[in-house]
Amino acid sequence: MSRRILFVFTSNDRLVNTTVKTGWYLPEAAHPYYGLKTAGFEINFVSELGGRPPLDESSISATKNDAVCQRFLNDAQVQKMLDEAPPLSSIKLPAPEYDAVFYPGGQGPLIGLPQNTQSQNLIRTMFEDGRVVSAICHAPAVFTEVKLRDGKYLVDGRKVTSMSNKEEELWGRVPYVPYLVQSRLKERGGIFIEGSTAWGDHVVVDKDSHGRKLVTGANPASGGSLAREIIKLLRE
């Protein structure tokens, strides 16, 4: 039987204090998608509000020479899945059909998804059940408002990474984001592990004595490695 992984996309398309549009970032969905699919996993998409999630258009031009991203854009099945993405509310907990959940990055997930109670409940349930929860770049923000049954923040005392403050500054987007993900994760008690170089491939896996699994990636370069770490955990 094929094992199933749920991708949860943002429905937010705007940064703060600007008219600049945002959304999910192409390589942070494309590389994990094909890495997991090639390994034999079935993947389903949902978006926060249902329907096609907004793509950060700047990520298309930024990856015009990335064959995996171009394949994703031209994959009819993928595009149909995006067009017909059910709303997050369609997932009925405890969602036993899914072995893992993954949140693609982009700056869209900074607003909406962290406060979304359906998302929080999905993450909490899957994490406490020992299933894999994962996110990349800005999307680890979705973990920062999740509290476990013991009342502690999910990331409290756990090793995590995300888009670093340094990378956000280098990108020039600090004035337009509501908060810095690295700082927010640390405020919630996360043990932030920054990559050795800005924009380098960097993934952090945290697995505790109860078998709870958290996988976070730092930036667009980390999608393939993140998929490989998820695969390792699911094959244990």
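A contact here means heavy atoms within 4.5 Å. The model is predicted. Among contacts in the protein chain between residues at least 6 apart in sequence, 76% join residues at least 24 apart.

**Overall fold**

The protein chain contains eight helices and eight strands. Its radius of gyration is 16 Å, which agrees with the value near 18 Å that a compact globule of 236 residues would have. Along the principal axes, the C-alpha atoms occupy a box of roughly 45 × 40 × 30 Å. Buried residues make up 56% of the 236 residues. The accessible surface amounts to about 9900 Å², and carbon and sulfur atoms account for 49% of that surface.

The UniProt record, an unreviewed entry, places the feature "domain: DJ-1/PfpI" at residues 28-232.

**Nonpolar cores**

The largest nonpolar core comprises 33 residues, of which Val 8, Tyr 103, Leu 122, Phe 143 and Leu 154 touch the most other members.

A second, separate core of 32 residues includes Ala 30, Phe 102, Cys 137 and Ile 230.

When residues up to four places away in sequence are not counted, Tyr 103 touches Val 8, Leu 113, Ser 119, Leu 122, Ile 123, Ser 134, Ala 135, Ile 136, Ala 139 and Val 142.

Val 160 belongs to strand 5, which spans residues 159-160. Is Val 160 buried or exposed? Its relative accessibility is 1%, and buried means under 20%, so Val 160 counts as buried.

Beyond residues up to four places away in sequence, the contacts of Val 160 include Val 155, Leu 185, Gly 190, Ile 191 and Phe 192. Ile 193, Val 204, Leu 214 and Thr 216 are also among the residues that Val 160 touches. Val 203 stands 43 residues from Val 160 along the chain, and the C-alpha atoms of these two residues are separated by 8.5 Å.

Conventions. Residues are numbered from 1 along each chain as its sequence is written. This is a predicted model: local features need pLDDT of at least 70, side-chain atom pairs count only at pLDDT 80 or more; totals for chains, interfaces and linings use all residues. Side-chain values use heavy atoms; hydrogens and water are left out. UniProt positions are given in the numbering used here, feature names are shortened, and annotations may be inferred rather than shown by experiment. Helices (H or I, at least four residues) and strands (E, at least two) are DSSP runs, numbered from the N terminus. Buried means under 20% relative accessible area, exposed over 50%, partly exposed in between (1.4 Å probe, protein chains only). A nonpolar core is a set of buried Ala, Val, Leu, Ile, Met, Phe, Trp, Tyr and Cys residues joined through side-chain atoms within 4.5 Å. The radius of gyration is taken over C-alpha atoms; the globule rule is 2.2 Å times the number of residues to the power 0.38. Accessible areas come from the Shrake-Rupley method with a 1.4 Å probe; for residues, only the protein chains shown count as cover.
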